Amino acid sequence: MERSRPEGSPAEDAPEEDTPARPAGEETSPGEATATEPTAAGAPAGQSKLPSLWRSRDYVYWWTGEGLNQLGTSVSTLAFPLLMLYATGSAAQAGTITVLHMLGRLATLVVGGALADRVSRRALLCLAALAEAVSMGAVAWLVYRGDPPVLALDALALAGGLAAGLRSGVTAPVIRRIVPKEQVADATAQGMGRDMLAQLLGAPLGGLLYATARWVPFLFDAITFLFIALSSLLIRRPLGPDRTPGKERRPGLAADVRAGLRMIRRSDYLVFTLAWGALLNTVAQGFMLLFVVIVNHRGGSPTTIGVVTSLAVTGGVLGAVAGPALMRRIGARRVLLLSAWLFTASFAAVALVPRPWHIGLVMLIGMTSMVPMNIVTESYEVRLVPDAYLGRVASTGQFCFQAVQWTGPLAAGFLADAVGVERAVLILAAAMAVLALVLHAGRRQLALLDTPLEEVQELAEPAQPAEPDPEPVLTHPSKGRAG
């Protein structure tokens, strides 16, 4: 049964084609949004089939801008280490510039989520993307001039990471605003498939652009950030956050972050999936390192490693296509359990198959199963968390994932050196099996997954403490006047 939307909540479920254009950056109050937009969940009453997301202009703008940006990021991710190797001859410096970008992003992730719930998301998205464009454009300029200073490149990578963290907090709230609730899983899957495809195309394109001229990949990336800013201005739907009439005072950022943490603690599902997902991400990152090592160990050349990696990424695209359909057909909980066990089996099979192309086929199956896990957990999070808290909750989850994921490759590398790469892969497969068993043990915490996505009830927002009434002023009536 479809949950009715209370008056004054974000008009997230309405189609946008007939929404009147609004100046970029202008937001509406909750009452205005409700008054000017249809309240049907994307279709007239009694109509079960929703129009394709590709018919939504706002969604196409968002998806295209994000896709071009992901392609640019994939290009510069390859070009940065190559540039540092050329400039310094040091592999350590090549790794340092990547780490600085990651640390910058991690430093502002939670702040970005808090800001996304208190200031204009459109403005935050646009300004952060422009800051990233300036940072990457400056890198292109320094490289074009020749002999770029290493410290300047490091500083620009850090600055770009700081801006990226602020922008990341806006992603989940924007999807919630422009996608009907029945299609959140489809939008999540299409985003993951898009990112996988960008990763697949970005590496060869980055190599081609770098061969043209060393500064070209960075200019290309800078231009793609401009598409993010442009798409945020072209989206007509109000992106929020909604202003509550009569509430002028707001707590500070630190209080907003604490409120986001309290919202997570109120849901067993959020606490469980955040902790479980962080551990899964750590194990998966370790396995990705061993995947490259074992292909090399089986006699694969660098070209073979690239082809096998492409097979794995192709599996991710297939998983993104299949995920929403599987959720509707067999249910979200079964998709999560089946995907976890298939992913575990692919770990073990990689250690046993003899040839690199066998490993590629196994990884195609493994990645096909991994992406639906992410689709399930992320789409239910978007539906469960109220719009006013979604930026903080989503960015806190990303922070937890990224804060621990670096330990996976580190531990996997030590294991491979200590016991051999095949045994290290099997140890990680055993760890993944434990995580799959935990899903069975967490039946109560995952009870939400038994509810169809479109019927998920939002968590109630915590009651705001009432402001104390002003103390009465005692006055004495003057003589001769009525009291």
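Q285 has its place in helix 10, where helices (H or I, at least four residues) and strands (E, at least two) are DSSP runs numbered from the N terminus. With a relative accessibility of 29%, Q285 counts as partly exposed, a class that lies between buried (under 20% relative accessible area) and exposed (over 50%), as computed with a 1.4 Å probe on protein chains only. Q285 touches Q405 and P409, not counting residues up to four places away in sequence, a contact being defined by heavy atoms within 4.5 Å. The C-alpha atoms of Q285 and Q405 are separated by 6.5 Å, although the two residues are 120 residues apart along the chain.

The structure is a predicted model, in which local features need pLDDT of at least 70 and side-chain atom pairs count only at pLDDT 80 or more, whereas totals for chains, interfaces and linings use all residues. Residues are numbered from 1 along each chain as its sequence is written, and side-chain values use heavy atoms, with hydrogens and water left out.

The protein has 16 helices and zero strands, and 48% of its 483 residues count as buried. Among the contacts in the protein with a separation of 6 or more, 88% are accounted for by residues 24 or more positions apart. The protein exposes about 22900 Å², of which carbon and sulfur atoms supply 65%; accessible areas come from the Shrake-Rupley method with a 1.4 Å probe, and for residues only the protein chains shown count as cover.

The largest nonpolar core holds 91 residues, of which I359 and Y380 touch the most other members; such a core is a set of buried Ala, Val, Leu, Ile, Met, Phe, Trp, Tyr and Cys residues joined through side-chain atoms within 4.5 Å. Helix 10 (residues 268-297) gives the most to this core, with 13 residues. When residues up to four places away in sequence are not counted, I359 touches F291, I294, V295, R298, V308, V350 and V353. Another core, of 19 residues, lies apart from the largest one and has L153, Y210, A222 and F225 among its members.

The elements that give two or more residues to the nonpolar patch are helix 4 (121-145) and helix 8 (216-234), and the largest share, six residues, comes from helix 8. L130 is found in helix 4 and counts as partly exposed because its relative accessibility is 33%.

A search of the whole structure finds 15 salt bridges, each being a side-chain nitrogen of Lys or Arg within 4 Å of a carboxyl oxygen of Asp or Glu. In one of them R167 pairs with E132, the closest N and O atoms being 2.6 Å apart. Because R167 lies in helix 5 and E132 in helix 4, this pair ties together parts that are 35 residues apart in sequence. R167 is buried, with a relative accessible area of 11%, and E132 also counts as buried, at 3% relative accessibility.

The side chains of D387 and R177 likewise meet in a salt bridge, at 3.0 Å from N to O. D387 lies in helix 14 (residues 387-405) and R177 in helix 6 (residues 171-178), so that this pair ties together parts that are 210 residues apart in sequence; both D387 and R177 are buried. A salt bridge is also formed by R392 with D256, the closest N and O atoms being 3.7 Å apart. As R392 lies in helix 14 and D256 in helix 9, the pair ties together parts that are 136 residues apart in sequence, and both R392 and D256 are buried. A network of salt bridges links D117, R118, R121, R177, D242, D256, D387 and R392.

Two loops carry backbone features of note. The peptide bond from G240 to P241 is cis, with omega near 0 degrees, and P241 lies in the loop between helix 8 and helix 9 (253-265). D147, which lies in the loop between helix 4 and helix 5 (150-168), has a positive phi of about 50 degrees although it is not a glycine. D147 is exposed, with a relative accessible area of 74%.
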